[in-house]
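These are notes for a colleague opening this model for the first time. Please keep the structure in view while reading the points below.

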Amino acid sequence: MKKIFFGSASLCMAAFLAACGSEDSGTATESPEGGTGVSGTLDFYTSQPDADAQGLVDAFREQNPDVEINIFRSGTEEVVSKIQAENQGGNIQADVLLVADSVTFENFKSEDLLLAYESPEAEAIDEAFIDPDGTYAGTKIMATGLIVNTNEVTELPTGWNVLTDEASKGQAVMPSPLYSGAAAYNLGVITRQDGLGWEFYEALRDNDITITQGNGAVLESVATGEKSYGMIVDYLAARAKSEGSPVDLVYPEEGVPVITEPVGIMANTENEEASKAFVDFILSEQGQQLASEQGYTPIREGVEAPEGLKTLDEITILDADAVELLETRDEDKTQFGQTFGQ
């Protein structure tokens, strides 16, 4: 078995083995190419799109060629299920985790499955997006808004109510909170807002909104004209528009939920040095510039957002308490399933 997690005792043993230079744990030395000189193998679990995850890994390995990184990519909910199953079997494979929202990390934190690490690169990030205990840090700003097919819609909407209007009946699509971590977070936030709440989701159901697996499927449905409107993370819509798709992005005037796609290190990692170096790179100016080039709004101060996306100070944010969202996530998803017959 690759890794076994038995709480603090195993952490002490891991520290001892690392100090002795165990065969599998990797090392850190000075690197003339500007990297940290770490080595070994990492398992990286993420909900990022395949190309973005691979681009991140490739950029890191340019500086750290002696680190081999295995990527497991799926929707946040499936990534979480995989880690939970591995934990129950006493064999968590992941070293570094990067998925949709802070609620997911709060869950793993409550189970003592995350390593506390305060990256020096986090000093350039607003403390609101950093876990005070150092177990995770946001890596980008991702708002959920509306994507509109401009071939089918002549006047852009201004608010969420376009999805519940009779005129758009059967013409809208959204990702499932049962698959997408961003959608699960959005569900928790939106249902706790005055003027939206569960009544909004019930109205979506009554207006025959289509439930699809993830944000990528929403993009495809709207970009091809199969649907006219969709709920989607902003970067996908902006990226598609820049590539020539007949779509536009709208930030609803009522406000938008925002996730930060945090990154953290699993407590039982066998390669702590390389894991820390990978987190440092993601939060560094170079890593954040890469995020911008990939079409995301960087979370680090001083790195510009890509064209077509709004920054935090330009949008109204819908928010909710992360601990409450964690405590009620399963209940929220159950109610969603009952509402939509999922």
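1. Helix 3 (residues 76-88) has 13 residues, and its first and last C-alpha atoms are 18 Å apart, close to the 18 Å expected at 1.5 Å a residue. The expected span is 1.5 Å times one less than the number of residues. Helices (H or I, at least four residues) and strands (E, at least two) are DSSP runs, numbered from the N terminus. Thr 76, Glu 77, Val 79, Val 80, Ile 83 and Glu 86 are the buried residues of helix 3; buried means under 20% relative accessible area, exposed over 50%, partly exposed in between (1.4 Å probe, protein chains only). Just after helix 3, Gly 90 has a positive phi of about 75°.

2. On the source: this is a predicted model, in which local features need pLDDT of at least 70 and side-chain atom pairs count only at pLDDT 80 or more, while totals for chains, interfaces and linings use all residues. Residues are numbered from 1 along each chain as its sequence is written, and side-chain values use heavy atoms, with hydrogens and water left out.

3. The protein has 11 helices and 13 strands. Of its 342 residues, 58% count as buried. Among contacts between residues at least 6 apart in sequence, 77% join residues at least 24 apart; contact means heavy atoms within 4.5 Å.

4. Five strands form an open sheet in the order 2-1-3-11-4, with mixed pairing. Its edge strands, strand 2 (67-73) and strand 4 (114-115), each pair on one side only. Two strands pair if DSSP finds at least two bridges between them. Strand 3 (residues 96-98) is joined to strand 11 (residues 263-266) by three bridges in the antiparallel sense, and Val 96 has Ile 265 of strand 11 as its bridge partner.

5. Helix 2 (residues 50-63) packs on this sheet, where it touches strand 1 (40-46) and strand 2, and its direction makes about 170° with that of strand 2. Helix 9 (residues 272-283) lies across strands 1, 2, 3, 4 and 11, running at about 180° to strand 11. Axes are lines fitted to C-alpha atoms, for helices over the stretch in contact, and angles run from 0 to 180 degrees between N-to-C directions.

6. How do helix 4 (residues 102-110) and helix 11 (residues 322-340) cross? Their axes come within 9 Å and cross at roughly 75°, so helix 4 is roughly perpendicular to helix 11. Angles under 35 degrees count as roughly parallel, over 145 as roughly antiparallel, 65 to 115 as roughly perpendicular and the rest as oblique. Helix 4 contributes Ser 102, Val 103, Thr 104, Glu 106 and Asn 107 to the contact, and helix 11 contributes Ala 322, Leu 325, Leu 326 and Arg 329.

7. Gly 337 belongs to helix 11 and counts as buried, at 9% relative accessibility. Gly 337 and Pro 177 are 160 residues apart in sequence, with a C-alpha to C-alpha distance of 9.0 Å.

8. Strand 5 (residues 140-149) is mostly covered, with 10 of its 10 residues buried. Strand 5 runs antiparallel to strand 12, with two bridges, and Lys 140 stands opposite Pro 298 there. Five antiparallel bridges join strand 5 to strand 8 (residues 229-233), where Ile 232 is opposite Gly 145.

9. In helix 10 (residues 285-293), the buried residues are Gly 287, Gln 288, Leu 290, Ala 291 and Ser 292. They pack against helix 2, helix 9 and strand 12 (297-298). Gly 295, which follows helix 10, has a positive phi near 105°.
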